[in-house]
Amino acid sequence: MTSENIIENSQYYIKDEPYYLPTANEVDIFNTALAENIPVLLKGPTGCGKTRFMEYMSWYNKRPLITVACHDDLTTADLVGRYLIQNDSTVWQDGPLTTAVRNGCICYLDEIVEARKDTTVVIHPLCDDRRMLPLEKLGQLLQAPPEFCLTMSYNPGYQSAVKDLKPSTRQRFISIDFSYPNEDLEAQIVHNEAGLEFPTCEHLVKLASMTRNLVGNGLEEGASTRLLVHTAKLIKRGFEPKMACRCAIADVLTDDPETVNLLHEMIETLF
Amino acid sequence: MGFFSNWKKRFHQSQQSALQRQSREGGSLESRQSGSTGGMSTNELLIRLQLIVGQNSKLPLMEYSTKIAALSHPLQLIIFSELDELIDLSYEHACDFLAVSASVLAEMEQDQYQRWLSDVKLLLAKGEDERAKERIANFVLYTQDADANVVKLSDITYTLEKLVYSLYNQELPIFASDDSNSITTFTNGCELFLPESISYFDDHDDNYRLYKALTFHLLGQLTCSSWQSLDTLKQGIEKYGDEYLSVFAKVESLRINCQIKSEFPGIWRDIELLHTKEDIKYPYDLFDGKENLSVDDTLALVGSLIGTDYQLPELVYQSGFIPSLMGEIRESQKIQRSPLILNPTQDVDDSLLDTTGDPETADRGYLRPVADSSTEHILSNSQPGLWQDSAPNGESINEHTTKHHEKGIYYYKEWDTSLKKYRKDWCRVKEIVEDISSDDIEIENLEALKHAEQRIRKTFDLLINDQKFIRNQSDGDEIDIDAWVSARSNKNKHADDFQNVYIRNNTSTRDVAIMFAVDMSGSTHGWKNTMIKQSTWLLCKTLARLGDQYAVYGFSGSGRSSCHIYPVKSFAESYDKSVKARIFSMKPHQYTRMGVAIRHLSMVLGKATAKTRILFVLTDGRPDDIDSYRGQYGIDDTRLALNEAKALSLKPFVLTFDKEGMDYLPYMLGSSHYQLITDISHLPIQISTIYKQLTT
Ligand SMILES: Nc1ncnc2c1ncn2[C@@H]1O[C@H](COP(=O)(O)OP(=O)(O)OP(=O)(O)O)[C@@H](O)[C@H]1O
Ligand SMILES: [Mg+2]
């Protein structure tokens, strides 16, 4: 149970530098949190670069990154580990969280609010100054090494009373707010990711900010940076900008015909 | 006289529904009425007309009666109702109206007719009697503009307003300007005014382009800070007269074009199309390709052009610059600079703002006005109460601060589909808790109910069984020792038994809150009401088994100022005798103003915490209330209320007895959020099965 559980964690290392353009002081904050062993909460709408940021920080600090996509059926066992049956006997299999603790990785819980409430509680002892992970079924208490770091992300946009973090969970973290980058930076990002000429990227960003103004006015969420990158890639490949915006932005954002129409009008003003 | 007043009363009711019916159907007014009951006879009409306009009037009443007699009954009623209204405004005009009424109704389309009449009334209200007279006589003009090339502002207001909002991040309501002015396109910083309709080009699309160009030019006046020129402009006008203003307007429009060209290539393309149509020689070189133009560049250029014979092009999309309004814009921009509501996402090119030396005006940032008082005076002649624009921003500021101090009283907005706007604080809701003694409740049909209760219990028990531990799973929280043992013992027979040796615990996945909104309108009178009461009672009795949160509220009312909500069981209460008493005292009340009931109950349900929150509406017909909450109006308002509920992440579901429900429910709710119940005696069981579907 000891040596065989230490994973060959090279697969979790990010080898090439991911492209990440800092939009504020998030890199400094994260590094400080890392040094001080404080867990980090990334807040922000979808597609604004949270995952990319984690990859970048993992590369920057040369620490392996283990990502867990949370869903509403995620059990404690899925995180911590469970017994499997092999050749007439039971074998313990570490879950991703345990693996991260044992190996001193960065563990990234994506969309944490989706996870069941009883599941999120297991991270509590890990996130305060004890930094322990109890493995009840093994009867072990795992002490996290200083390299271990827990981060999680969530999108406060779709907040409903149900999908909210408990205060006792929240108050273990420091929070980095990810909102959309400002227009120049965002155009820069789109330009870099898709290789599309800059002026068109600027117009895409303008379109995105127009859709973001409509949030709550027919749209649940505005166009994300990710959508812009997709659109830019389509345009780069020779699609007509209007067509690309329709496929990659308007029709993606909503099904409501009235709103789609409005989005088409917006596209018409820009392209 | 008894006859007369009686008739008037009857008439007002039927007139409403006649109009409603027309608005739902299409085609010319007359043809739509075919198949309706025959109208009043010439003699009857003559008597009525004499009663209204007076016996000794010199009008050829007989001739009118003959003409009107040819129309169907509902149309005749429309004429009388309008006549009645007009006579209050002006006797003379009412007579004019009478003279043409028969031909008008036979020839005009519904919307044309309404536009014609409302124009006439508007003019009368303004005291422009002559023009009103002209309008009445020239009704033919209204039948002609069915012309496909005309673009009407009312058809595109919604799109333009949203477009402006998405750009400016601030509500700028759009209104049709008074066409008696020479300038029809202008803004005061809080509203945009555009011509009522445009038929300048022979092509519909070009006319629409023109609208867009005009709108963007008005927006340009605001974002390019044209108002900063105001002082110089005034001096110039003093010195050179109106020519200065006209040159300024043209040059400033060229400057705004520069901004449009760089920021909105799509609009610029439209504008250039208009240039070609108009054969305009556009002076591309006027600003020498200079970037970051400011209003000072305009003023400098105006200074050098004034008095020369340089020909500036006449632009079709020339917007109006009115010095007094520019003053208002300046004021509004100052108010908007209040730091409390700074809008940080607005990006404004600093260089465009940084033009005057005044440090205050140079400071950047576009902000929302504190209150939109200016919309009010435009529309306040129609009804009391504030009007509100469809964005939620204004709402959050105002809705919950005003007049909400009365206890148990709530105010809600309502969607006016003809205006495409919300009417703010339009409906007044009162929660009426009925306290009844819990004794002597008679329950009819006890045997049948017992049977139904058992069925419901069975359905629900299945739900409960769903939630316990599930054994023999391939994945789960714990090892299922029993499965493991049995797998071992059958080892040779079924090797894959070993796959399924986990127990999965599902207990906490069930997390439901449901709100039953029960229609208590007068039309549920009789056995429907009995059935509704019994089903509600059975449900309440049995739902406790599931441990789901549930509440029951009834709704009814009459008119927008007395919308009533009858709480039967709140989320906090548990089922007890007084709940039972309240269930059995549910009785039919008045009408069904569904939108406001849904808004109120969504609010109540929104406060419940649960993973699945269901708004279950039980109703017997379409939305319907006095004060013309009917037809498309009621349906559209209800539809929006349901959409708002969805936005609160509630799941609405409508169960209806209305056989015509399929006509409007799909439109109101989208598919699979409604069901029609044909045999009402199945109601209790049907509800429980739907309940099961909704919550699993
Ligand atoms: N600051 C940034 N630097 C570089 N790329 C960025 C940045 N922000 C966004 N992107 C681009 O946006 C895309 C989406 O970002 P990412 O996948 O990190 O979103 P996310 O915040 O994790 O979204 P979700 O919450 O949906 O998982 C990235 O693939 C990248 O192209
Ligand atoms: Mg992500």
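Me: Domain bounds here come from an automatic or database domain assignment. Which domains of chain A supply the shell around ligand 1?

Reply: The shell, meaning residues with a heavy atom within 4 Å of the ligand, draws at least three residues from each of domain 1 (3–177) and domain 2 (183–270) of chain A. Please keep in mind that this is a predicted model, where local features need pLDDT of at least 70 and side-chain atom pairs pLDDT 80 or more, while totals for chains, interfaces and linings use all residues. Residues are numbered from 1 along each chain as its sequence is written, chains are lettered from A and ligands numbered from 1 in written order, and side-chain values use heavy atoms, without hydrogens and water.

Me: How many residues surround ligand 1, and which are closest?

Reply: There are 15, and the closest are A:Thr46, A:Gly47, A:Thr51, A:Glu193 and A:Arg226. Helices α2 (50–61), α8 (183–194) and α10 (225–236) of chain A each supply at least two shell residues, helices being DSSP runs (H or I) of at least four residues.

Me: Where do oxygen atoms of ligand 1 meet polar backbone atoms?

Reply: Such pairs (N or O atoms within 3.5 Å) involve A:Gly47 at 2.7 Å, A:Lys50 at 2.8 Å and A:Cys48 at 3.2 Å. The protein buries 89% of the 640 Å² that ligand 1 exposes taken alone, by the Shrake-Rupley method with a 1.4 Å probe.

Me: New topic: how many residues of chain A and chain B are in contact?

Reply: Counting heavy atoms within 4.5 Å as contact, 34 residues of chain A are in contact with 42 of chain B.

Notes. A polar contact is a pair of N or O atoms within 3.5 Å; within protein, one must be able to donate a hydrogen and the other to accept it, and residues adjacent in sequence count only if both atoms are side-chain atoms.
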